[in-house]
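Welcome, and thank you for taking a look at this one with me.

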Amino acid sequence: MLSRTSWFNKELLLQIGRSTGWVSIVYFLVLLFILPIQLLMIYSDETKSYYPEPNNLFLVNFTFQIGIMVIVPVILAVFLFRFLHVKQAADLMHSIPLKREKIFHQYALTGMVLLILPVSVITLIILLMHKTLDFSNLFSVKDIFYWAGTTSVITLLLYTAAVFIAMMTGMSIVQAILSYVFLLFPIGITMLLFFNLKIVLYGFPGDYLLNRQLEKLSPITYAAVLDSRKFQWGEGIVYIILTIVLYGLSIIFYKKRNLESASEAIAFPKLRSIFKYGVTFCVMLLGGSYFQEVSYRSFSWTIFGYVIGAVIGYLGAEMILRKTWRVFGRIKGLIVYLAITAVLGIGVQILGIYENIVPGEEQIKTVLFSNQFGFYTNDDIYREYYTPTPMKEKANIEAVRMLHQQLLSDKRINQQKENNQSENFYIQYELKNGSKVTREYSVNERLYEDYFKPIYESEEYIRSTNEIFKLNENKIKTLTIGNGPISEGVTLSNANDIKEVLAALRKDVLAESYEDSRYFKGSNVEVYLGNDHFLSFEFKPNYQNLTDWLKQKELLKDAMPSADDVNHVLVAKGEMENPEDIEIIKSNLEKSRDTLDVTNKGQIEQMLNNASADPNHEYMAVFYFRSAHYYEVMFFDEKHAPDFVKDHFK
């Protein structure tokens, strides 16, 4: 009988209810306004003007739902275990005839009930509403239980994480802050490491790794995408296991915790060094990342960022641990830390073990080469069509290896000359032993045209990277060519016409030279696949097969602009400031006295067929269209500029 009384202490339960029950009540009231009342407002709105997408209750006031889901569990844990962080309260609590683990269970389990109870009541209310009102077109009973289960699993994990941190510290404010740091730490440290490894290791695929569903590393960031991604039960099981593990660890540390640690930032002396150097390391990485960006990748400023970040992190951690700002004389550990970090950094740079790896041709099974993000995107449709496929031909493997080796030889040049003309390229070797080697480089393609040309012009590469070769004609509902402010566009729904257009486009893409693929930019070819899924291709002036097909069908005029759509063209030669700002280019051309004004329809047609959208060319032209004062700024290089233009500017 005594053990039953000590296991469930009525007075202690009442005390918990009086001190923290208000959190549960507030949680319930907020959820009541966020969901049931909002659903009633939707039901009573005859216009249904703000119906969210069906089958996902998280879309109803999503921002407020996630905010309350993330805040309430931590607040509850802070108030529940407040007694640990006040010496008088800790002494009083541990003077009652209850074992520590039983005190812990009563507090921790009561907190879980206080979290689950509001969600359960709201679930019952929504179930009742679903049964009595017509919500079948908005959500089902299954969707209600999905919402309740997901909310409960995530809030319990957040709560037990905050309880675990309560055991680690002796201050409530530190508990609240460290709880969020702890919950966000996996994704935060991963992002910092990847970003900084990209700084110190030439070729490290930071962007590639940073876009591989990192939101799963933290329940907070995962909750933030519940409006667009379903919470899988496999992930739910992992969260439940983590909740149990954190609960068990909390008991262990609670039993070992000294009562005297109340008011200490870190309750366990052995953890204080880990905290201090952990903060130093993280702030160092943050400082280096910041100065890398704001200094436009200046090496000296990046090093300054690492040093100042380490100093701020170390001294800040010391101030927190010692609860005083008088720590500037305690820098021996900082000097040792900086010395070890410098030795490691210099060693990595000198050895270059990671950077200089280029697999031998005999080791490589396939190679993937692309400037597209498609091969690691989360969008299923985008990934299906825009993911490049690996290349197997020996000529292409060797061409990529040669480019890779040249990029390593030009490491310093590429790092120093990285600018807005540079573009990220990804190389991924699949080796015969099953492993993969992935690298990412920021390259000005113009400097490596001789290396890119054989790759880009190979049929295997074209089929590997161009989405038009992955498209199934039978899935296409409609195909539109050239719909825009200039032309009305041509929309095709006949299956045979669509097949002929795609066949013509594929021939043109395969026949296109590397130089033309870089120079020309065309109008849109938009393919509708149904369910709001679209794909876009280009119809360029040099695409002869598609042009001939449109001429044969007498549709060319509607598909792309012609000279009849243009009033006149203003042309100038020379370098321009801010070549990417078309408003400035237009204004400067209109003010310039050394321009050519073209009104001849034949000459305008020739210019339309030869123009490029790339601003890095000698000639620039403003095409003034008849349609609603519309204009476009286009460019010509020396090779494609019409003779009458070159003659004028001799």
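1. Let us begin with a single side chain. Glu590 is partly exposed, at a relative accessible area of 42%. Please keep in mind as you read on that this is a predicted model.

2. Which residue does Glu590 meet in a salt bridge? The partner is Lys586, with 3.1 Å from N to O. Both residues belong to helix H24, which covers residues 582–591, and they sit 4 residues apart, about one turn of the helix. Lys586 counts as buried, since its relative accessibility is 17% and the limit for buried is under 20%.

3. Salt bridges can also share partners. Glu512, Lys521, Glu538 and Lys540 are joined in this way into one network.

4. Now for a pair that reaches across the chain. Arg446 and Asp614 form a salt bridge whose closest N and O atoms are 2.5 Å apart. The pair links distant parts of the chain, 168 residues apart. Arg446 is found in the loop between strand S3 (436–443) and helix H18 (449–456), while Asp614 is in the loop between helix H25 (601–610) and strand S10 (619–625).

5. Lys216 lies in the loop between helix H9 (206–210) and helix H10 (219–223), and Glu235 lies in helix H11 (residues 233–256), so the pair ties together parts 19 residues apart in sequence. Lys216 is partly exposed, with a relative accessible area of 35%, whereas Glu235 is buried, at 16%.

6. How many salt bridges does the structure hold? The count is 20. As for charges in general, the protein has 63 positive and 68 negative ones, and the mean positions of the two sets are 15 Å apart.

7. Finally, step back to the whole protein. Its secondary structure comes to 26 helices and 11 strands, and its C-alpha atoms fill a box of roughly 100 × 70 × 55 Å along the principal axes. Of the 650 residues, 48% count as buried. The protein exposes about 33500 Å², and carbon and sulfur atoms supply 59% of that area. Among contacts between residues at least 6 apart in sequence, 71% join residues at least 24 apart.

How values were computed. Residues numbered from 1 in each chain as written. Predicted model: local features only at pLDDT ≥ 70, side-chain atom pairs only at ≥ 80, totals over all residues. Heavy atoms only, no water. Helix = DSSP H or I, 4+ residues; strand = E, 2+ residues; numbered from the N terminus. Buried < 20%, exposed > 50% of the residue type's maximum accessible area, 1.4 Å probe, protein only. Contact = heavy atoms within 4.5 Å. Areas by Shrake-Rupley, 256 points an atom, 1.4 Å probe, with all protein chains shown as cover. Lys, Arg positive; Asp, Glu negative; His and termini not counted. Charge placed at Lys NZ, Arg CZ, Asp CG, Glu CD. Salt bridge = Lys/Arg side-chain N within 4 Å of Asp/Glu carboxyl O.
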